[in-house]
Amino acid sequence: MLDIKDLRVKIEDKEILKGINLSVRAGEVHAIMGPNGSGKSTLASALAGRNYFDITHGKILYEGKDLTELTPEDRARAGIFLGFQYPVEIPGVSMVNFLRAAINSKREYRGEKPLPAGDFLKLMREKKKVVEINSDLTNRSVNEGFSGGEKKKNEIFQMALLEPKLAILDETDSGLDIDALRIVANGVNKLRSPENATIVITHYQRLLDYIVPDFVHVLYKGRIVKSGDKKLAKELEEHGYDWIKQEVDLKA
Amino acid sequence: MKDTIETLTTTAKYLELFRTNREQIGDGDPDFVKDLREQGIRSFEKTGFPARKAELYKHTHLEPVFDGEFSFDFSPRKIAFDDNDLFLCDVPMLDAHVLTVLNGVFHHPGKSALHELDNGIIVGGLREAIRRYPDLVSAHLGKIAPLDKEAFVSLNTAFAQDGIFLYVPEGVQMDKPVQIIHLLLSDKNQMVHHRNLFVLEKNTTAQVIICDHTLSPHMFLTNSVSEVSVGEHADLDLLRLQNEHNNSCQVTNTWIRQERASHCQHGNITLHGSMVRNNLHVKMEGEGASSRELGLFLIDKLQHVDSYTVIEHASPNCTSDQHYKGVLDDASTGAFHGRIHVHPNAQKTEAFQANNNILLTDTARMNTKPQLEIYADDVKCSHGATVGQLDEDALFYLQSRGISRDESRLMLMDAFAQDVLSKIKQPSLRDRITDLVGKRLRGELSRCNNCAMHCDEE
């Protein structure tokens with residue numbers, strides 16, 4: 001589904017990603033871990049199409065297409081979803097209008113008619129259950145005044161509505177208490193299927209107790225320096241990142 | 001002959017225009033109006049048009065516009081205007097007293113020029129009101145907007161032919177809004193000076209909507225003055241929607257005087273028009289008065305909109321809350337100069353002002369100048385002004401959900417405008433204006449899309 005080949009990314013003169021290789025197939029969950037500043041969020045942004053940096057080398061192939069050629073909106077329509085580390089507050093844009101526009105853009109891309117209002121509201125009600133959102137979103141602006149937990153639930157709620165093929169969850173666990181973490185993780189698990197794939201970016205192993213990954217990768221200084229299965233995450237939890245840093249820095 | 005005319009300054013041309021047509025301009029006026037005209041022209045002679053370097057007009061130089069070739073009617077002119085070519089305003093009120101002002105003159109075919117409603121409300125043409133209620137009119141006309149401070153008010157006082165008069169007697173709550181539609185329709189380039197006078201006595205409420213439109217593609221130059229008196233405990237909601245075509249220039253002068261514990265909300269929404277200058281002066285004379293000033297303009301191409309506002313706190317315990325916003329596309333330009341003036345005795349004043357602008361291109365320009373003049377010591381005042389672009393983080397967030405960049409921009413602009421629009425009190429009007437603004441942002445609003453005349457040549 002996704003093939004990242006020797007991806008190098010620069011922000012101004014600084015190389016942030018120094019040759020990333022990663023393959024994700026349908027049905028898989030990949031966790032990307034790593035210390036602060038290792039390039040995790042830059043990788044997520046590169047996949048979603050935020051263009052505050054230059055891709056200097058390499059390719060991102062998604063279902064055989066070169067992703068870097070596509071606008072962020074076309075990537076989304078093609079089935080890529082980014083769960084934001086810091087969901088943006090947009091005062092004055094109502095949640096309902098926003099979600100309707102998002103769903104109908106996707107439908108239009110597939111040559112489908114806009115969803116009738118009644119069906120849309122029904123779909124909202126149904127998907128709100130995935131992440132246990134009880135509040136009425138109709139009178140609220142996008143993320144405005146949402147608590148940290150609500151913002152993250154809202155991300156997964158949007159994911160549920162848009163049914164992406166490839167979801168990239170950037171630090172979805174940050175700022176969540178244990179109950180909210182469980183709800184968010186359960187939401188992600190409910191949405192798992194053999195047809196879609198998830199990349200979970202996280203600092204901590206804790207989230208991976210709930211969303212069990214098939215593969216764990218450690219990103220450090222712009223490279224994937226170690227890959228393994230879920231046991232790698234446990235090791236990191238016990239020993240921290242220092243042993244990996246030492247290993248890498250010694251080689252260098 | 002032509003040579004001598006061309007050597008005259010623009011100011012001199014207008015003085016000459018007045019003097020040679022004095023009889024015709026003041027034909028039928030009672031003495032107090034004749035006096036006002038003379039005072040007006042004398043003040044104008046002293047000030048002349050604001051000079052290019054004049055601080056208050058430095059972003060909008062109007063003299064060259066007034067120097068253009070415009071015809072001017074010294075008395076109401078018959079215009080071939082078929083009422084069957086029904087004009088449907090973009091803001092059709094479900095139920096309102098609709099008054100049409102055609103080229104500055106109250107248009108009332110087959111109907112009386114002034115209506116006296118059952119509850120004592122008087123509404124209709126100012127010219128007729130001057131004739132029938134000289135005492136009522138003379139108590140206010142030329143007294144709220146000072147003749148000697150503002151060249152365009154002076155000029156209007158000298159030349160104005162007509163406009164709308166509204167009188168709400170003590171204790172009366174108007175059941176329906178008054179909608180004034182200023183129409184411009186001519187077979188040549190035309191200048192219009194019109195004058196409105198709204199008087200709300202004690203304990204009254206009224207809602208007035210003013211819509212400015214053009215019905216023919218000629219160049220129009222409008223210099224409009226509205227004088228507004230809001231009595232004790234009265235509540236006025238006044239909204240102006242400017243939607244003239246982009247070959248027209250409009251100067252509006254709105255002077256509002258508020259008495260004790262009165263409330264006034266003034267809104268100004270500008271969608272089209274080539275060059276627009278809005279002067280708003282709110283003076284809270286009575287203790288405990290409150291006011292809200294809303295402004296929103298959405299402009300593109302080479303449009304220019306300049307707002308000059310003075311909010312005067314002349315008594316203690318008054319509050320004012322001003323929010324002006326602008327969205328500028330293409331090579332459009334805008335200016336905002338907002339003065340808040342707190343008199344020495346106006347303790348416990350609360351005055352807030354915000355001016356926020358979005359530039360959509362590198363070629364659009366906005367100048368903003370907040371100005372506080374505070375002479376009392378126990379006051380709460382704040383002001384803030386911003387000129388920026390659309391929030392890239394918000395745009396990316398919307399795009400990342402599959403919404404196109406264009407649509408995302410529209411959503412953010414809509415949201416930006418909502419801040420002001422949400423404060424329009426009457427729900428049906430708010431919805432209608434919100435819809436219009438949405439259309440304007442999407443480029444779907446040809447100004448005349450509801451007009452049967454289709455004179456738009458853009």
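Helices (H or I, at least four residues) and strands (E, at least two) are DSSP runs, numbered from the N terminus. By that definition, chain B has ten helices and 21 strands. The radius of gyration of chain B, taken over C-alpha atoms, is 22 Å, close to the 23 Å that the globule rule (2.2 Å times the number of residues to the power 0.38) gives for 458 residues, so chain B is as compact as a globular protein of that length.

This is a predicted model, in which local features need pLDDT of at least 70 and side-chain atom pairs count only at pLDDT 80 or more, while totals for chains, interfaces and linings use all residues. Residues are numbered from 1 along each chain as its sequence is written, and chains are lettered from A and ligands numbered from 1 in the order in which they are written.

The C-alpha trace of chain B spans about 70 × 50 × 45 Å along its principal axes. Of its 458 residues, 52% are buried, meaning that 20 or more other C-beta atoms, placed from the backbone, lie within 10 Å of the residue's own. Two residues are in contact if their C-beta atoms, placed in that way, lie within 7 Å. Among the contacts in chain B with a separation of 6 or more, 82% join residues 24 or more positions apart.

Chain A holds an open sheet of six strands, in the order 6-9-10-3-11-12 and with mixed pairing; two strands pair if DSSP finds at least two bridges between them. Strand 6 (80-83) and strand 12 (223-228) of chain A are the edge strands, each pairing on one side only. Within the sheet, strand 9 (residues 166-170) and strand 10 (residues 197-202) of chain A run parallel and are joined by five bridges. A:Leu166 stands opposite A:Ala197 in strand 10 of chain A.

Technical notes: Buried ≥ 20, exposed ≤ 12 C-beta atoms within 10 Å, placed from the backbone.
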